[in-house]
Amino acid sequence: MNNNLYFFQTNSKQAEVLYNVVKEFVGETDILYDLYCGTGSIGLYLADNCKKLIGVETVEDAIADAKINATNNGIEHSQFFA
């Protein structure tokens, strides 16, 4: 049994507002570190604003999902580590 818990913002309109606030705050950067990245949704949303995205998470299943999400979205300049 997998006891890992994942957080997802189920209100997609509010998630977009939240992610845009983060995007504005971060601006453009060479390397974006997404710590405790979960499935990578925030970092991947910000991927256009960086040259390299590095996601770190303790849950290996979430990292596997983050890699799939990056591939599905054509984001090749990302790396995810458990």
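Let's start with leucine 35, which lies in strand β1; strands here are DSSP runs of E with at least two residues, helices are runs of H or I with at least four, and both are numbered from the N terminus. What you're looking at is a predicted model, where local features need pLDDT of at least 70, side-chain atom pairs count only at pLDDT 80 or more, and totals for chains, interfaces and linings use all residues. Residues are numbered from 1 along each chain as its sequence is written, and side-chain values use heavy atoms, leaving out hydrogens and water.

**The overall picture**

- The protein chain has 3 helices and 3 strands, and reading from the N terminus they go α-β-α-β-α-β.
- How much of the protein chain is buried? Of its 82 residues, 32% count as buried, where buried means under 20% relative accessible area, exposed means over 50%, and partly exposed is in between (1.4 Å probe, protein chains only).
- Take the contacts (heavy atoms within 4.5 Å) between residues at least 6 apart in sequence: 47% of them join residues at least 24 apart.

- Ile31, Tyr33, Leu35, Tyr36, Val56 and Phe81 together make a nonpolar surface patch of about 650 Å².
- To join a patch, a residue needs over 30% relative accessible area and no salt bridge; nonpolar side chains (Val, Leu, Ile, Met, Phe, Trp, Tyr) are joined within 5 Å, and like charges within 9 Å.
- Which element gives the largest share of the nonpolar patch? That's strand β1 (residues 29-35), with 3 residues.
- Tyrosine 33 lies in strand β1 and is exposed, because its relative accessible area is 51%.
- The C-alpha atoms of tyrosine 33 and glycine 43 are 7.8 Å apart, and the two residues are 10 apart along the chain.
- Tyrosine 36 sits in the loop between β1 and α2 (41-45), and with a relative accessible area of 69% it's exposed too.
- Most residues other than glycine have a negative phi. Tyrosine 36 isn't a glycine, yet its phi is positive, at about 55 degrees.

**A buried alanine**

- Leaving aside residues up to four places away in sequence, alanine 70 touches Leu44, Ile75, Ser78 and Phe80.
- Alanine 70 and glycine 40 are 30 residues apart in sequence, but their C-alpha atoms are 7.9 Å apart in space.

**Charges and rings**

- The count is 1 salt bridge, meaning a side-chain nitrogen of Lys or Arg within 4 Å of a carboxyl oxygen of Asp or Glu.
- Aspartate 30 and lysine 51 form the salt bridge, and their closest N and O atoms are 3.4 Å apart. It links distant parts of the chain: aspartate 30 is in strand β1 and lysine 51 in strand β2 (residues 50-56), 21 residues apart.
- Aspartate 30 is partly exposed, at 48% relative accessible area, while lysine 51 is exposed, at 63%.
- The charged end of lysine 23 sits over the ring of tyrosine 45, 4.8 Å from the ring's centre; the rule is NZ of Lys or CZ of Arg within 6 Å of the ring centre and within 35 degrees of the ring normal.

Definitions and conventions
Accessible areas come from the Shrake-Rupley method with a 1.4 Å probe; for residues, only the protein chains shown count as cover.
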